[in-house]
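Morning, everyone. Please look at the screen while I walk you through one protein.

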Amino acid sequence: MISRKTSAVFSNFARRCSTQSPLNVSTATTSSNLTDTSSSDAPVELERNPYEKEPRKCLLCRTSVTLDYKNSRLLQQFISTFSGRVYDRHITGLCDKQQNKLVETIAKSRRAGYMPVFVKDPKYVRDPKLFDPLKPIRPHSFA
Ligand SMILES: [Zn+2]
């Protein structure tokens with residue numbers, strides 16, 4: 001009885017092995033291919049650093065808005081309602097280049113008569129605020 005059972009088990013095992021042998025061969029070939037290249041575990045060289053910080057861009061650089069001395073409505077948004085002066089760059093958050101260009105353009109606009117010199121034009125006071133002067137984007141350098 002036992003010997004017949006074991007022989008039956010053995011024959012089943014042999015049949016299974018014979019059916020699996022082509023599979024085994026194929027897996028062996030793939031594993032040999034992997035060992036041949038040996039690049040599966042090697043560190044992958046990326047083109048760019050995924051942890052690199054995104055370059056910080058100011059409002060005007062981000063939206064690619066060009067300052068024009070005739071566009072007084074945009075320029076007035078950078079002017080204080082209380083003092084009529086141009087906000088500093090720690091409030092506007094502009095980069096050096098854009099802030100200098102803004103000051104030049106506002107001066108040009110005032111000379112050309114598109115903007116009042118000492119006050120913000122009252123018809124633009126209710127325009128949407130680009131920034132909050134009471135909560136500056138960066139702290140002031142002297143504060
Ligand atoms: Zn900028």
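Let me start with a question: in which loop is Gly 93 found? Gly 93 sits in the loop between helix 4, residues 89-92, and helix 5. We will come back to it.

First, a caution. This is a predicted model. The average pLDDT of the protein is 79, and 72% of the residues score at least 70. Among the elements, helix 1, residues 2-37, has the lowest mean pLDDT, 47. Helix 5, residues 96-112, has the highest, 96. Over residues 6-11 the pLDDT stays under 50, and the model shows 0 contacts there beyond four places in sequence. Residues 16-35 also fall below 50, with 1 contact beyond near neighbours in sequence. Where pLDDT is low, the predicted coordinates should not be read in detail.

Now the overall plan. The protein has 5 helices and 0 strands. Of its 143 residues, 13% are buried. Take the contacts between residues at least 6 apart in sequence: 76% of them join residues at least 24 apart.

Back to Gly 93. Is Gly 93 buried, exposed or partly exposed? Gly 93 counts as partly exposed, because it has 18 C-beta neighbours inside 10 Å, and a buried residue needs 20 or more. Which residues does Gly 93 contact, leaving aside its neighbours within four places in sequence? They are Cys 58, Leu 59, Phe 131, Ile 137 and Arg 138. Cys 58 is 35 residues away along the chain, yet the two C-alpha atoms are separated by 6.2 Å.

Ile 91 is in the picture too. Beyond four places in sequence, Ile 91 touches Phe 131, Pro 133, Pro 136 and Ile 137. Ile 91 also belongs to the largest nonpolar core, which has 10 residues in all. Other members include Leu 60, Phe 78, Tyr 87, Leu 102, Ile 106 and Met 115.

Two of those names lead us to helix 5: Leu 102 and Ile 106 are among its buried residues. Helix 5 has 17 residues and reaches 24 Å from its first C-alpha to its last, close to the 24 Å expected. The buried residues of helix 5 pack against helix 2, helix 3 and helix 4. On the other side of helix 5, Asp 96, Lys 97, Asn 100, Glu 104 and Arg 111 are exposed. After helix 5 comes Gly 113, with a positive phi near 90°.

Last, two serines. Ser 72 is in helix 3. Ser 72 counts as buried because it has 21 C-beta neighbours inside 10 Å. Ser 72 touches Ser 109, Tyr 114 and Met 115, not counting residues up to four places away in sequence.

Ser 64 lies in the loop between helix 2 and helix 3. Ser 64 is exposed, because 7 other C-beta atoms lie within 10 Å. Its phi is positive, near 50°. Most residues other than glycine have a negative phi.

Terms used:
Residues are numbered from 1 along each chain as its sequence is written. This is a predicted model: local features need pLDDT of at least 70, side-chain atom pairs count only at pLDDT 80 or more; totals for chains, interfaces and linings use all residues. pLDDT is the predictor's confidence in each residue, from 0 to 100. Helices (H or I, at least four residues) and strands (E, at least two) are DSSP runs, numbered from the N terminus. Two residues are in contact if their C-beta atoms, placed from the backbone, lie within 7 Å. A residue is buried if 20 or more other C-beta atoms lie within 10 Å of its own, exposed if 12 or fewer, and partly exposed in between; C-beta atoms are placed from the backbone. A nonpolar core is a set of buried Ala, Val, Leu, Ile, Met, Phe, Trp, Tyr and Cys residues joined through C-beta atoms within 7 Å. The expected span of a helix is 1.5 Å times one less than its number of residues.
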